Amino acid sequence: MAAKKISKSKEKKLQRKENLAALGESQMRLNKANLPSNDHLASFKPFQKYTRNGLDLSIECTHFANLAESDFESIFNLLETNMKKEYEASDWGWNGKEKKAELREKNPWFLIARDTTSKVIAFAHFKFDFDEEEEVLYCYEVQVVDEMRSKGVGKFMMQILELIGSTTSMKKMMVTVFKHNSRSIHFFKDVLKYTDDETSPRYCDPLEESEYCYEIMSKPLKAKKTDNGCVKAPAAPKCCQKC
């Protein structure tokens, strides 16, 4: 009996050691992905342009540390224009000062689309982070100016984020969507094929689900590699005008 107890104790210690080692490796991947000097699009030139549906856009990816203040203000103004009413319709409400602070918090990254005059016409705000001890790319916002919606820009930017997530070895993409925003729910579930995440209120608090104003969705990521072990970028996606 004593021998069995010792054996189980060793197994538990070994498991803890393996868990700590795995956590350490995960943290190293996050640290590497979050280096402000990274250019996550440098190796993927086909994704640095969007020339479809009458648009001619350039795409760039930058850490907040390298973001010009004028670009930050353009990003915030676009977010406020598109989402202020959505936030006001939710339990969270809208607070411009707090929202600006959130955009700056904890290693934020921005994927930015510009027109030929360098005006910011779309952006995605995202982070490389842990969620339930898994490395994830969490997209907090993806916004497009009203006159350029329904031209595939939002879908293209989300596909770029999936590419970035795969090449940085993140396990999945995650987003939070207001329940009352039917357009966003359609975009993520029907267009991009996201599903309700296990951390969404309907799973983690099913008895009180109606008390929450949001859903959490996710999509698994898998790194695509070539024969020499390097990550391979997929072909630039084809989008229709309804995307």
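Gly-165 is buried, at 0% relative accessibility; buried means under 20% relative accessible area, exposed over 50%, and partly exposed in between, for a 1.4 Å probe and protein chains only. Gly-165 sits in helix α4. Helices (H or I, at least four residues) and strands (E, at least two) are DSSP runs, numbered from the N terminus. Leaving aside neighbours within four places in sequence, Gly-165 touches Leu-137, Met-170 and Leu-221. Contact here means heavy atoms within 4.5 Å. The C-alpha atom of Gly-165 lies 9.4 Å from that of Glu-135, a residue 30 positions away along the chain.

The model is a predicted one, in which local features need pLDDT of at least 70 and side-chain atom pairs count only at pLDDT 80 or more, while totals for chains, interfaces and linings use all residues. Residues are numbered from 1 along each chain as its sequence is written, and side-chain values use heavy atoms, with hydrogens and water left out.

The chain contains six helices and eight strands. Along the sequence they follow the pattern α-β-β-α-α-β-β-β-α-β-α-β-α-β. Of the 243 residues, 43% count as buried. Among contacts with a separation of 6 or more, 66% join residues 24 or more positions apart.

Helix α4 covers residues 153-167. Its 15 residues should span 21 Å at 1.5 Å a residue, and the end C-alpha atoms are 21 Å apart, so the two values agree. The expected span is 1.5 Å times one less than the number of residues. Helix α4 is mostly covered, with 14 of its 15 residues buried. After α4 comes Ser-169, whose phi is positive, near 65°.

Two packed helices are described by the angle between their axes and the distance between the axes. Axes are lines fitted to C-alpha atoms, for helices over the stretch in contact, and angles run from 0 to 180 degrees between N-to-C directions. Helix α4 packs against helix α5 (residues 182-191) at an angle of about 55°, with the axes 12 Å apart. The pair α4 and α5 is therefore oblique; angles under 35 degrees count as roughly parallel, over 145 as roughly antiparallel, 65 to 115 as roughly perpendicular and the rest as oblique. The crossing of α4 and α5 is right-handed. A crossing is right-handed if the near helix is turned clockwise from the far one by less than a right angle, and left-handed if anticlockwise. Gly-154, Lys-155 and Met-158 of α4 meet Phe-187, Phe-188 and Val-191 of α5. By class, this contact has four nonpolar, one polar and one charged residues. Ala, Val, Leu, Ile, Met, Phe, Trp, Tyr, Cys and Pro count as nonpolar, Asp, Glu, Lys and Arg as charged, and the others, Gly among them, as polar.

A second pair is formed by helix α2 (residues 69-88) and helix α3 (residues 96-104), whose axes come within 11 Å and cross at roughly 125°. Helices α2 and α3 are therefore oblique to each other. Their crossing is right-handed. Helix α2 contributes Glu-69, Phe-72, Glu-73, Phe-76, Leu-79 and Tyr-87, and α3 contributes Gly-96, Lys-99, Lys-100, Leu-103 and Arg-104. These residues divide into five nonpolar, one polar and five charged.

Two charged residues were also examined. Glu-215 lies in strand β8 (residues 214-220) and is buried, with a relative accessible area of 8%. Beyond neighbours within four places in sequence, its contacts include Val-175, Lys-179, Lys-189 and Arg-202. Lys-45 lies in the loop between α1 (2-33) and β1 (49-50). Lys-45 is exposed, with a relative accessible area of 64%.
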